[in-house]
Amino acid sequence: VGGETVRTTLLILACSIAAFSSSDGAVGWRNDGTGKYPAAVPPTKWSADANVVWKTPMPSWGNATSVIVGNKLFVCSEPASLVCVNLADGRILWESTNTYLDMVSAKWSGGTEDDKGKAGNIVKQFRPLDRELRKLKQQLKNSPSDAGMVETIRKLNRRIQDLTKALESQAEYRLPRTEPVCGYSSSTPVSDGKNVYVLFGTGVAACYDLAGNRKWIKLIQKPTHNYGHGASPLLAAGKLIVRLLDLIALDARSGKVLWKVKTKPWWGTPALSRIGNVDVVITPHGGIVRIADGAILADNLSKLYSGSPITESKIAYFIETGAVAIKLPPKTSEKITPKIIWRITLKNDIYYASPVLHNGLIYAITQHNFFSVIDAKDGSVVYKKKLNLGGGTVYPSITLAGDYLYVSIDNGTTIVMKPGRKYEEVARNKLEPFRSSPVFRDKRLYVRGLKNLYCIGKE
């Protein structure tokens, strides 16, 4: 793979790779982190014109996977917006930006700004413009054909963009580097059913209630690698866990930093697990960290270049070219030594898509469509096959919904197949390009395309 291809690819790893196991009923990246929706009975066939229940244009493109909470769907949009959509009809209920300007404004809310310097003066100008913009956007919903209002909104947006650029001229608020394919909105939100939490590639995290009221926003830590950020936030034991330059636990209620652990700033989302009665987080680089206090119980057990670990039955699987399965101990101590069950070599390629483990089989795919099915017990390869997904790169993670596997590529093609020890394709479908992973509920599936959000169901 050429250097430029690798760079573009790395950024997308930020876009769609990661894995997390839910805690306390949280829903986020790939549902509960497994990529499985066993109760779903979604359609297996669709196109841009067939079985589309609704299609909603998004404010901008984005790579983050959608999250369904009750009757709402949450999705991110470039450069740093959280969008709430009505699940029934696709109507946008609210949208909120999470820029450095929003963060600075919130930090100084209610206080005097006379002595805050240049940033304070920018905030003074921003607040009335932001209030007016929000008011007009609400009015526009009732008068969508009002050309004068549309033009006023356009001018307000331009003025706010100018203020944002002025703020970013200061080193403290300068945007970190990223790649065009990754952008800043590739991390999937996470929700406990009452609040929804977001993290952006700018290093800004925020918490909202489901009605769109922001509870807190703050700059946690700026990413420093050049290809973008994509690791998604996790919820566990009242903590919001984010992986930026470090692995960091925040108090979910306030955003206060509770502990910080040094880690390598790569792209996969860690996995949540439990050793005995102790909650732990497993990093893509094989670190095991106690969630209560950030204590490192083990480290360097494996190394994932792009993806994220998956866990089941007290075993952690790290699936890439050098794949390994590690047995977690039955109880924890200050230092633990997990046992390696098996280690194998898979197709030498980049694995952006996170795998799925189902009924003792692990399903994995490389960026170039090379599909492998692995026996989780001993690591033997059940079968391998080059899938004909067309040109593009496999960024969306493999998903299991009901009785079927869904395997997608960024050109918009999705293969639906039956899981098992032999390849059995059920259907092949095409939509607009997308890099997110599909999500499912009941008889419907939802795909965040680069331009539109789709609800797919049987007509």
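Me: What lies between strand 13 and strand 14, and which residue in the turn has a positive phi?

Reply: Welcome! This is a predicted model. Five residues lie between strand 13 and strand 14, which form a hairpin, and Gly255 in the turn has a positive phi of about 85 degrees.

Me: How do you know that strand 13 and strand 14 pair?

Reply: Pairing takes at least two bridges. Strand 13 and strand 14 (residues 257-262) have five, in the antiparallel sense, so they count as paired. Leu250, for instance, stands opposite Val257 in strand 14.

Me: What is on the other hairpin of strand 13, the one with strand 12?

Reply: Strand 12 and strand 13 form a hairpin with two residues between them. Strand 12 (residues 239-243) also pairs with strand 13 in the antiparallel sense, over five bridges. Arg243 has Leu247 as its bridge partner in strand 13.

Me: What makes strand 13 mostly covered?

Reply: Six of the six residues in strand 13 (residues 246-251) are buried. Asp246, Ile248 and Leu250 point one way, while Leu247, Ala249 and Asp251 point the other way. In a regular strand, side chains alternate between the two faces of the sheet.

Me: Why is the pair of Tyr363 and Phe371 called stacked?

Reply: The structure holds 11 aromatic pairs. In the pair of Tyr363 and Phe371, the ring centres are 6.3 Å apart and the planes meet at 25 degrees. Rings pair within 6.5 Å and count as stacked under 30 degrees, so this pair is stacked.

Me: Why is the pair of Phe371 and Tyr383 called tilted?

Reply: Their centres are 6.2 Å apart, with 50 degrees between the planes. Stacked needs under 30 degrees and edge-to-face over 60, so the pair falls in the tilted class. Phe371 lies in strand 25 (residues 370-375) and Tyr383 in strand 26 (residues 381-386), so the pair ties together parts that are 12 residues apart in sequence.

Me: How do you know whether Phe371 and Tyr383 are buried or exposed?

Reply: Buried means under 20% relative accessible area. Phe371 has 0%, so Phe371 counts as buried. Tyr383 has 13%, so Tyr383 is buried as well.

Me: Why is Ser143 called partly exposed?

Reply: Partly exposed is the range between buried, under 20%, and exposed, over 50%. Ser143 has 30% relative accessibility, so Ser143 counts as partly exposed. Ser143 is found in the loop between helix 3 (117-142) and helix 4 (147-168).

Me: How do you know that the charged end of Lys347 sits over the ring of Phe370?

Reply: The distance must be within 6 Å and the direction within 35 degrees of the ring normal. The charged end of Lys347 is 5.1 Å from the ring centre of Phe370, and sits over that ring.

Technical notes
Residues are numbered from 1 along each chain as its sequence is written. This is a predicted model: local features need pLDDT of at least 70, side-chain atom pairs count only at pLDDT 80 or more; totals for chains, interfaces and linings use all residues. Side-chain values use heavy atoms; hydrogens and water are left out. Rings of Phe, Tyr and Trp (its six-membered ring) pair if their centres lie within 6.5 Å; planes under 30 degrees apart count as stacked, over 60 as edge-to-face and the rest as tilted. Helices (H or I, at least four residues) and strands (E, at least two) are DSSP runs, numbered from the N terminus. Buried means under 20% relative accessible area, exposed over 50%, partly exposed in between (1.4 Å probe, protein chains only).
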